[in-house]
Amino acid sequence: MPSPSTTLPAQRPRLSACIIAFNEADRIGDCLASLAFCDEIVVVDSFSSDATVAVAEAAGARVVQRAFTGFRSQKAFCVEQASHDWVLCLDADERVNLELRAAIEAERDAGFNRAVGYRFARCSEYFGRFLRHGTAYPDRVLRLFDRRHGGWRGDREIHEAVTLDGPAALLKGDLLHHPYRSFLQLLDKKQKYARMMAEHEFGKGKRASLGKLIIAPSWRFIRSYVVKRGFLDGWPGLIEAFVSANYVRQKTIMLWLLQNGQPLVTPPADGNTHK
């Protein structure tokens, strides 16, 4: 039995991985495999029509189904379902690489004593190449945190982010991101995000100007491809810069249309706009 003066090591915090998913049967397996070091994996599924649930359960995840209400609210709900206060949040198209896993495990072994949350770089794959330049990298995200001191807060459902009541630290390693299955799927995804962001900004009172409509997309391309040296990623870097600029163009056009009373989708015959 240790003497009264002996300091016993603190119990290692337990860690829950939290993932939201919809029709991700082809990708969620690799995501879950990269989270094998976690004490628990929780998947909130938006009633997938493919084998997402079966794949997740076969990998040992606990699956909860919930209708999709928005990216932020879905992730906040997933965190609430976790059994442990320390959570690691991923999307189904993301994986923890070995260096990041080692960094997370080292922090956990030390009791997560440096901060109440941790950031790390996200590295996106474009056409077989992981981008290391441009505005796509390092794209540091805050995904590991103590839910007692932070969470998916606010009312913005697109480009959602964790906020903390305390300090955040930076970890080595990358969160590997596979953002598309095909080029057309990537464009559809970006257009959806552009619409959601335009509607959010319009609701917050933001407005587009003719100058922003002309300048903003060009500046995004120049910043990504030239200033941030996206050209060093070869032709995939060029495509990413064009796609990023196109997102800004679409978002600004949609905001312009909204502020001028124009619909973003074709109104149905009864005159009610269908979103």
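## Helix H5 and its buried face

In helix H5, the buried residues are Leu-186, Lys-189, Tyr-193, Ala-194, Met-197, Ala-198 and Glu-201. Buried means under 20% relative accessible area, exposed over 50%, and partly exposed in between, with a 1.4 Å probe and protein chains only. This is a predicted model: local features need pLDDT of at least 70, side-chain atom pairs count only at pLDDT 80 or more, and totals for chains, interfaces and linings use all residues. Residues are numbered from 1 along each chain as its sequence is written, and side-chain values use heavy atoms, with hydrogens and water left out.

The buried residues of H5 pack against helix H3 (71-81), strand E6 (117-126), strand E11 (168-177) and H7. Contact here means heavy atoms within 4.5 Å. Helices (H or I, at least four residues) and strands (E, at least two) are DSSP runs, numbered from the N terminus. H5 has 21 residues. From first C-alpha to last, H5 reaches 30 Å, close to the 30 Å expected at 1.5 Å a residue. That expected span is 1.5 Å times one less than the number of residues. Gly-205 follows H5, with a positive phi near 90°.

## H5 against H7

Helix H5 (residues 183-203) meets helix H7 (residues 234-259) with axes that come within 8 Å and cross at roughly 40°. The axes are lines fitted to C-alpha atoms, for helices over the stretch in contact, and angles run from 0 to 180 degrees between N-to-C directions. By class, the contact of H5 with H7 has 14 nonpolar, three polar and five charged residues. Ala, Val, Leu, Ile, Met, Phe, Trp, Tyr, Cys and Pro count as nonpolar, Asp, Glu, Lys and Arg as charged, and the others, Gly among them, as polar.

## Helix H6

Helix H6 (residues 210-227) has 18 residues. H6 bends by about 30° at Ala-216, and a proline, Pro-217, follows within four residues. The bend is the angle between axes fitted to the seven residues ending at a residue and the seven starting there.

Ala-216, Pro-217, Phe-221 and Ser-224 are the buried residues of H6. They pack against H7. After H6 comes Arg-229, with a positive phi near 60°.

## Loop details

Tyr-137 and Pro-138 are joined by a cis peptide bond, with omega about 15°. Pro-138 lies in the loop between strand E7 (129-130) and strand E8 (141-146). Asp-139 is also found in the loop between E7 and E8. Its phi is positive, near 45°.

Phe-112 has a positive phi of about 50°, although it is not a glycine. Phe-112 counts as buried, at 4% relative accessibility.
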